[in-house]
Amino acid sequence: MTALNRKLWRDLAGLKGQVAAIAVVIAAGVMTLMIAVTSLDAIRLSMERFYASHQLAEIWATVTRAPEALAERLGEIPGIDRIETRVVAPIRLEVADYADPIRGQILSIPDGRQPALNRLALRAGSPPESGRADQVVVSEPFAQAHDLRPGDELRVIIRGRFERLRISGIALSPEFIYQVGPNDLLPDYARYAVLWMNRRALGNAFGLDGAFNSVLASLQAGARSEQVIEHMDRILAPYGGIGAHGRDDLMSHRMLSEEIAQLKIMAVVLPGVFLAVSGFLLSVLMGRIVQTQRQQIAVLKAFGYRNRELAGHYAGLTALIVAVGVVLGIGLGLWAGEAIATLYAQYFRFPETVTRLQPRVVVLAVAVSALAAGFGTFRAVARAVRLPPAEAMRPPAPENFRQGWIGRSRLGRSLAQTTRMVLRNLDRHRFKSAMTLLGIALSASLLVLGSFQFNAVQHMIDLQYRKVLRMDTHLSFIEPTSRRVLTELSALPGVQHVEGYRQVPVRLVNGHLSERNAIVGLPEHPRLRGLIDGDGQPIAVPADGLLMTRFLAEQLNLRAGDPVTVEIREGSRRHVEVRLAGLVDEPLGLSAYMRIERLNALMREGPAVSGAWLMSDAQARPELYERLWEAPRVAAIGLIAEAEDGLRNYMDDTVLTMMAVLLVLAGSITFALVYNNARIAFAERVRELATLRVLGFSRTQVGWVLVGEILLLTLLAIPVGWLFGTLFAWILSLAFSMDMFRIPFHIDHQTYAFAATGVLLASALSVILIARRLRDLDMVTALKGVE
Amino acid sequence: MSSVSRKPSAIFEARGLTKVYQMGEVAIHALRGVDLELHDGELVVMLGASGSGKSTLLNIMGGLDVASDGRLRYRDQVLSGASESELTRFRRDHVGFVFQFYNLIPSLTARENVAVATDIARDPMRPEDALELVGLSERLDHFPSQLSGGEQQRVAIARAIAKRPMVLMCDEPTGALDSETGIRVLEAIEYINRELATTTVIITHNEVIGRMAHRVVRLSDGRVADIHVNDQRASPSELVW
C-alpha cells in the first residue's frame, strides 16, 4: 500500500464519528431508494409478466343477457383480436366453522379448458371437470384465509338456493391481483371470495343458457381502444349493455397503477432528500479536512505530487465514506426489501413475484449517492488542488474582521465578550452559518414531515369513521327494492335506526374527461352517512344538482355550478345533464351524491333503494346478522367496524411503517448534522478556545463560545424548519391524493413541538459529546500545534 | 565574484528575477532583479532579514512559485515560464524540500512519511536507509507526535533526500529548534551534501550558520547584496549560537 493510501485510511479512522454519521445518512438514502425501486420493479414486472402470460383482457363489457351468437359480431369489430364471453354473478357463500357472512363473485370458464382471456394461474388442484356442475375453483387468498384445499366443500347461495360445491382447484387471476369487493377499498379475503365454475353449469343456474352477461376483448396491435369501445357499446346497447371499459377502470389494475405511481414519487422524493443532506454534510466535512490539511497538501505538492493524484486522494476519501454508506444502505435495503415484498404480497397476489435484486438498482444507488457526494465534495477537492504550494505553507492570515453592529450598538456593547465572539463568528461566516442553519432546518422539516404523516393518517381515518361513515352496518340489495323494505329492517332485533340509499352506476363526463363512478341518493340530512366540507362540518344534500368528492371534481376539471353529463349505466342507458351543486371533502373513496327523490325521478322509478345503512345495538348484532343473512334480497353485508380495523391495519402496515422508518432516519440525520457541525466548530476554534483558557476564562465561559453558536443556530433553524416542513407536508398531501385516499393537509401544534424537541435533543446530545472534548482540551498542545 | 577554485558548472542560473505580489490594492515587490548561479554540489547559505525575499527566491528556484519576470534556468531546462505540470515534474524528479515547521503528515509514521516521497520517485533509496542517514534507524515506526522537534526535522530531511534529489532546499531548517538540536540537524544536512553531493540551499537569518557554507549569499530588499566565498568552512559542531 502506498503511503498516501495509508494516510487515507488513517484519516478515515480519525474521523470515524463523523464518517459514521454521514454514512448513516447516505445509507438512509440508498435504503429508501432501494426499497422504492425494488418494490416498484417487483410490482411492475410481476404485473406485466402476469398480464402477458395469462392474457389479461383489454376491454370489459357487461350486459343483462346477450345471445352467444353475438360473440361472432363482436369479433368482427375492427381492432379486436380475441373475444371471450362469460357469465358473471354475485353470490353469497358459507364456509364451515365461519360465522360471518361471505359474499363474492362467481365467473364462468369454458367447460374443460382455460379461457382465451383472463386465464387462471392454478396454484393447486385442477379446473372443474368438463360437464360437472358441482365443482369450483376458488381464489387463492380466499382459500388461504379459510385454510381451504381441493376436495373441501362450500355452501353457495345461487339465486336464493343453497348449492353444495366441491373445490377442484385453487387459482390466481390477472383480473384479481388486488382482490376487493365492489364497494370496498381494501381486500377482505375472509369475507370476499372469487370463484370460477364451468360455463354450462353457471349459465344454467342463472338462466343464461346459450347466453352471456359479460364479455372480454383483447386488441390488435395499434388498435384504438376508444373506437373499439364505441363500436362494442353500439352492438351491446340493445342487450342492456352499460358501457364497455378498459383496464383503467378495472379495480385491481387501478390499485396497482396507484401503487406504482406512489412508489415512483417515493423513489424520487425520499432518497433525494437524504442524499442531498449527505452531499451537504460531505461538503462541510471535506471543506474542513482540506482546510486543516492545507500544509499537508502543500508538502505533497512540493514533493511533486500531481494535481490529479491529490484530487484522487481526497476523492478517494469521499468514495470510501460513500462506499460505507452504500454497503450499509444496500444491506438495510435488502433486509427491508424482503419485509416490504412480504407486505405487498398480502395486498397484491401474483403467481410469482420478481423480488430478485436488480443489478440496475445497485448501480443506480451507487451512481446517485456518488453524484450527491461528488457535488458535495467537488468544491473542497478543487480548492485543495488549486492551492499554490508556496502559499499553503504559510498559516492562513488572521481573518478580516470589521467593527459591525455588535461593536457599535449599545446592545452589542452590553454583551459579554464571549457572546460577542459567538455573534461575530456567525456574522463573519455568513455563508457557512446559513448553510448550517439550512441543514438543521432541513432535518427539523423531516421531523415535521414524519410526524405530520402519522397524525394526518390518524386524523383521516377518524374523520372517515366518526363523521362520514356513522352507520355500523352497510347493506346492499341484489336489485333496487321498494322503500317499504326499510320498515321491515327497522323491525329486526337491535336495529335502532335505518336509512335507505339509492346507488346508480354512472359515467360522469365533462368534455373529453370521464370517470366511471356511482351516484348515491341520500335524504337531505342523512343521519348515518355524513357529507362534510373541508372543516369537517356537515353539508346538506341540495334539492337539485349533484355533490361530488373534491378530488373527483378535480379529475374531471369541474367547478361548482358547472354542468356534468351523467351516463346512466343501470337499466336503460341514458344521458342526462345535471349541475354540479357543490363539493364534498371526504378523505376516503370517490363518489357523487344527489337527493334520493331526485335520483329516483331521474331513473324514472318509484321510491326505490339499493341498500340500507343500519345503526344497531352491539349486543343484538349476532342475531341481527343471522336474520339478515337469511334475507334473500340482501346481496352483501358490510361491517363498518371490521372495515375500519382493516384500514387501520393497512395504514399501519404501509404508510405508517414507512413513516416510522422516515422518522428514525430524520432523527439520525438531525443528530448527524448537528454533531458534525459541532465537531467542526470545535476543531476550528480549538486554538482560540485554548487561548481563552490560558487567559483565564473558565471552562463554562469558553464552552459558551462554542455552545452558544450551536444553540443560536439551532434556535434560528427551528422556525425555518417548521416552514420547510409545512411546505413538504403540503407537497406530500398533494402527492398522496388518489382514488383510494387523500391525506388531509392538517398539521397540529404537537407536530411542530415534536420537531423542535427532536432538534433540540440532538443539539443537546452533540453539546454533551463536545463538552467532553472541551474538558479534555490540553491547552499546551492546542497552542503549540501549528495549523 | 563567482569564481570558485574547483570550477564547478552552474546548475542554476537566475537573471533579473523579479516577483511582485498583489496584496489587495498594494503591490509588494518581493524580488527586484536577482542574478545568481548555483554550482553543482555546493552548499549555499542564504542570509537576510525577514522580508528580504530569501524565501521567495527559494520557492521560485524550487519550482513552488513562479517569477513575475526574469529568467531562471536549471541545467538545460528553462524554469521561468514553465507550466504547472512541468514544475511538478521538476520538483518530483530533482528537488527535495525541508521546511521550518517540518510539515510531516501527522497520520503517518516516520517511515511512511519518507515513503510519501519515495512512492513517486524514479530511483529512490529505501525509506529505512534514508532514515539511517539521518540517524533515526531506531524510530522508524514512530508517529510525528511521538518524536522531538529535532527528530521530526531529521525525518523531514530523510524525506527530502530519499529520492536522491539534485537539489535540497531548506527553508529555516533550524528556525523552530534549540541550538543543540539545530546543530544535529545541520550535521545531517552537511553529511548529505558531502556524501551525496547534493546541491544544497539553506535559508536562515542566523549569521552563524553561514560559516558552514561554501558560499554565503546575502539578500536585502529583494536583491543580492553580497556573495561571500568561505575559504575555511566550519563544521556544524563548531557552530555556536
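The model is predicted.

Start with the open sheet in chain A. Four strands make it up, in the order E2-E10-E1-E11, and their pairing is antiparallel. Strand E2 (80-86) and strand E11 (245-246) of chain A are the edges; each pairs on one side only. Strand E1 (residues 59-67) of chain A runs antiparallel to E11(A), and 2 bridges join them. In one of these positions, Trp60(A) has His245(A) of E11(A) as its bridge partner. Helix H6 (residues 225-236) of chain A lies across E1, E2, strand E10 (211-219) and E11 of chain A. H6(A) runs at about 10 degrees to E1(A).

Now turn to strand E9 (residues 192-198) of chain A. Of its 7 residues, 7 are buried, so E9(A) is largely enclosed by the rest of the structure. Strands of a sheet pair through backbone hydrogen bonds, either parallel or antiparallel. Strand E4 (residues 102-109) of chain A pairs with E9(A) in the parallel sense, over 7 bridges. Here Gln105(A) stands opposite Val194(A). Strand E6 (residues 135-139) of chain A pairs with E9(A) in the antiparallel sense, over 3 bridges. Val138(A) has Leu195(A) as its bridge partner in E9(A).

Last comes the interface. In chain B, 19 residues are in contact with 21 residues of chain A. On the chain B side, helix H2 (84-94) and helix H3 (110-118) are the elements that give two or more residues. H3(B) gives the most, with 4 residues. By class, this side of chain B has 10 nonpolar, 4 polar and 5 charged residues.

Note on methods
Residues are numbered from 1 along each chain as its sequence is written. Chains are lettered from A and ligands numbered from 1 in the order in which they are written. This is a predicted model: local features need pLDDT of at least 70, side-chain atom pairs count only at pLDDT 80 or more; totals for chains, interfaces and linings use all residues. Two residues are in contact if their C-beta atoms, placed from the backbone, lie within 7 Å. Ala, Val, Leu, Ile, Met, Phe, Trp, Tyr, Cys and Pro count as nonpolar, Asp, Glu, Lys and Arg as charged, and the others, Gly among them, as polar. Two strands pair if DSSP finds at least two bridges between them. Axes are lines fitted to C-alpha atoms, for helices over the stretch in contact, and angles run from 0 to 180 degrees between N-to-C directions. A residue is buried if 20 or more other C-beta atoms lie within 10 Å of its own, exposed if 12 or fewer, and partly exposed in between; C-beta atoms are placed from the backbone.
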